[in-house]
Amino acid sequence: MNPYILATLLFGLGLGTTITFASSHWLLAWMGLEINTLAIIPLMAQHHHPRAVEATTKYFLTQAAAAAMVMFASTTNAWLTGQWDILHTSHPLPVTMITLALALKIGLAPMHAWLPEVLQGLDLTTGLILSTWQKLAPFALLLQIQPANSTMLILLGLASTLVGGWGGLNQTQLRKILAYSSIAHLGWMTLILQFSPSLTLLTLLTYIIMTFSTFLVFKLNDSTNINTLASSWAKAPALTSLAPLILLSLGGLPPLTGFMPKWMILQELTTQNLAPAATLAALTALLSLYFYLRLSYAMTLTISPNNLSGTTPWRLPTTQLTLPLSVTTTATITLLPLAPAILALLAL
């Protein structure tokens with residue numbers, strides 16, 4: 001892609017998200033969401049492959065339906081309350097519709113079916129943008145409206161953690177596994193959204209860091225399915241030895257960074273007398289942990305059964321930029337000792 005066009009599209013992504021962040025009016029927030037969607041669509045379709053075009057079409061139709069639902073709900077809210085301000089969204093009908101529309105936008109269960117299919121059709125770089133940056137604007141709106149119906153949010157969160165764990169069990173494609181991982185993590189964020197918005201933001205930040213490093217590991221190895229992971233030891237031995245730690249951090253295993261938000265969420269849920277929800281969320285995390293262990297096993301304890309066709313990749317030095325990967329990998333593995341400081345900041 002032409003670098004000027006790429007820069008324009010990335011600027012459009014940033015502009016749309018910033019407009020949604022800064023808006024207090026529903027029309028302006030809707031405009032930011034639309035700019036965001038229209039900016040990423042050419043990035044998704046840049047590889048003229050039928051699978052990429054199919055994924056782009058699915059994404060566009062889903063986002064258009066969600067945006068139309070947001071517009072309809074905000075108009076209904078203005079009709080019922082006389083206010084267009086986001087913070088004045090108080091009537092239960094538009095609040096429910098907007099929450100469901102934003103859940104469709106980010107891929108919460110049971111509105112999740114589009115996410116694995118779309119992510120499977122994209123290259124890893126665009127998939128990384130879709131899994132991280134595209135979640136920011138809808139979450140900003142969810143945090144602002146503060147829905148009164150916390151039962152619906154808890155049900156959405158529990159359904160997402162269950163679907164995210166269950167759906168990834170039988171997958172061999174890495175992008176679909178990462179899509180179900182995204183659904184499960186979004187479920188954890190939604191569970192705690194009503195009770196501790198700052199904890200939701202912390203979980204979103206740690207999820208972005210961990211997913212960033214996971215996508216970059218797969219991109220460096222040029223891997224899109226589990227079978228190709230077996231040759232990663234010959235390509236990058238040091239990175240392959242660290243990759244299981246990154247994956248287990250995504251699964252929330254101590255003493256890695258990913259354990260911190262889940263531990264704090266379970267603590268907050270028990271404080272809110274929601275011990276059954278906390279127990280179910282913890283059990284669904286075991287489902288996710290299984291397929292992260294599968295990926296770790298495939299990377300480190302298996303040997304590629306056949307010779308790779310073409311140029312042997314382990315004889316060619318990589319030309320990819322590795323600084324972002326090293327920074328995010330370090331953050332993914334070693335941030336847990338900062339948990340007391342983070343707890344102190346959240347208490348403020």
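How many aromatic pairs does a search of the whole structure find? The search turns up 3, where rings of Phe, Tyr and Trp (its six-membered ring) pair if their centres lie within 6.5 Å. This is a predicted model, so local features need pLDDT of at least 70 and side-chain atom pairs count only at pLDDT 80 or more, while totals for chains, interfaces and linings use all residues. Residues are numbered from 1 along each chain as its sequence is written, and side-chain values use heavy atoms, with hydrogens and water left out.

**View 1. Phe259 and Trp263 make a stacked pair.** Their ring centres are 5.9 Å apart with 0 degrees between the planes; stacked means under 30 degrees, edge-to-face over 60, and the rest are tilted. Both residues sit in helix H13 (residues 259-271), 4 residues apart, or about one turn of the helix. Helices here are DSSP runs (H or I, at least four residues), numbered from the N terminus. Phe259, at 25% relative accessibility, counts as partly exposed, and so does Trp263 at 37%. The cut-offs are under 20% relative accessible area for buried and over 50% for exposed, with partly exposed in between (1.4 Å probe, protein chains only).

**View 2. Phe291 and Tyr292 are both buried.** Their ring centres lie 4.9 Å apart and their planes are at 55 degrees, so this pair is tilted.

**View 3. Lys135 sits in a loop between helix H6 (124-131) and helix H7 (136-145).**

Technical notes
Helix = DSSP H or I, 4+ residues; strand = E, 2+ residues; numbered from the N terminus.
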